[in-house]
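The sequence and the model are shown first.

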Amino acid sequence: MELVVARIGAPNGLHGLVRLEVRTDDPAGRFAPGTVLATDPPERGPLTVAASSERQGSWYVRFTEAPDRTGAEALRGTLLLAPPEEDPEEDAWYPHELVGLPVEDTTGRHLGTVAGIERLPAQDLLVLTEEDGRRTLVPFVAEIVPLVDVPGRRVVLDPPRGLLAGDDED
């Protein structure tokens, strides 16, 4: 299974440079010159990194297959895919590993299951399908999601009152 490591954004300049919406904690390694990345949709790739750089907290890449602005514009919105890292950190996990995990509160009460992760500019959101089928977006911050235990097959929430859809019935 390949993972999404970035989404191609707007072109920058006339020579095929594009800004990336990075979804990896190792952009320097994932976007090193010479790296070949699969794409979604697949017909837009694979793409070979010709050059990459970080400027003011954003990553910019030029691909061999898109040497000018027109080629770069055609890649906008493309997802860049790469295989998982060989030796992930001990407490690391991938979003697809969370889908289907049971969610409980800090007292052990079952709240529902993880339906996915939504990535927003400010922070990620955990998508929770509650017991009654309602969907709740939970800010994915340590204060609210204190434990993600993939090997133990559970996610623990400490939600403030009113965050969950089921809270309105209590």
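The sections below treat the sheets, the nonpolar cores, the backbone and the aromatic rings in turn. The model is a predicted one.

**The barrel**

Six strands close into a barrel, and their order is β1-β2-β5-β4-β3-β6. The pairing in this barrel is antiparallel. On average, neighbouring strands of this sheet are turned by 50° against each other, with direction ignored. One of the pairings is that of β3 with β4, which is antiparallel and rests on two bridges. Within this pairing, V36 has T48 in β4 as its bridge partner.

**The open sheet**

Another six strands form an open sheet in the order β10-β9-β8-β7-β12-β11, with mixed pairing. The edges are held by β10 (135-139) and β11 (147-149); each has a single partner strand, so one side of each is left without a neighbour in the sheet. Neighbouring strands here are turned by 35° against each other on average, direction again ignored. At one end of the order, β11 runs antiparallel to β12 (residues 154-157), and three bridges join the two strands. Across this pairing, D149 stands opposite R154 in β12.

**The nonpolar cores**

The largest nonpolar core has 16 residues, of which I8, L20, F31, L37, F63 and L80 touch the most other members. At least two residues of this core come from each of β1 (3-11), β2 (17-22), β4 (47-55), β5 (58-63) and β6 (79-82). The largest share, three residues, is supplied by β1. Apart from this core lies another, of 14 residues, which includes L111, L126, I144 and V155.

When its neighbours within four places in sequence are left aside, L20 is in contact with A6, R7, I8, F31, W59, V61 and L80.

**Backbone features**

Most residues other than glycine have a negative phi, and most peptide bonds are trans. The table lists the departures from this pattern that are described here.

| Site | Feature | Value |
|---|---|---|
| D40 to P41 | cis peptide bond | omega near 10° |
| G45 to P46 | cis peptide bond | omega near 0° |
| Q56 | positive phi | phi near 50° |
| R153 | positive phi | phi near 55° |

The loop between β3 (36-40) and β4 contains P41, and P46 is also placed in the loop between β3 and β4. The residue Q56 is found in the loop between β4 and β5. Its relative accessibility is 86%, and Q56 therefore counts as exposed. The residue R153 lies in the loop between β11 and β12. With a relative accessibility of 47%, R153 counts as partly exposed.

**Aromatic rings**

How many aromatic pairs does the count give? The count comes to zero aromatic pairs, where a pair requires ring centres within 6.5 Å. A ring does, however, take part in an arrangement with a charged group: the charged end of R55 sits over the ring of Y60, at 4.5 Å from the centre of that ring.

**Summary**

In outline, the predicted model holds a barrel of six strands and an open sheet of six strands. Its largest nonpolar core has 16 residues, and another core, of 14 residues, lies apart from it.

Methods:
Residues are numbered from 1 along each chain as its sequence is written. This is a predicted model: local features need pLDDT of at least 70, side-chain atom pairs count only at pLDDT 80 or more; totals for chains, interfaces and linings use all residues. Side-chain values use heavy atoms; hydrogens and water are left out. Two strands pair if DSSP finds at least two bridges between them. Helices (H or I, at least four residues) and strands (E, at least two) are DSSP runs, numbered from the N terminus. Axes are lines fitted to C-alpha atoms, for helices over the stretch in contact, and angles run from 0 to 180 degrees between N-to-C directions. Rings of Phe, Tyr and Trp (its six-membered ring) pair if their centres lie within 6.5 Å; planes under 30 degrees apart count as stacked, over 60 as edge-to-face and the rest as tilted. A charge sits over a ring if NZ of Lys or CZ of Arg is within 6 Å of the ring centre and within 35 degrees of the ring normal. A nonpolar core is a set of buried Ala, Val, Leu, Ile, Met, Phe, Trp, Tyr and Cys residues joined through side-chain atoms within 4.5 Å. Buried means under 20% relative accessible area, exposed over 50%, partly exposed in between (1.4 Å probe, protein chains only). Contact means heavy atoms within 4.5 Å.
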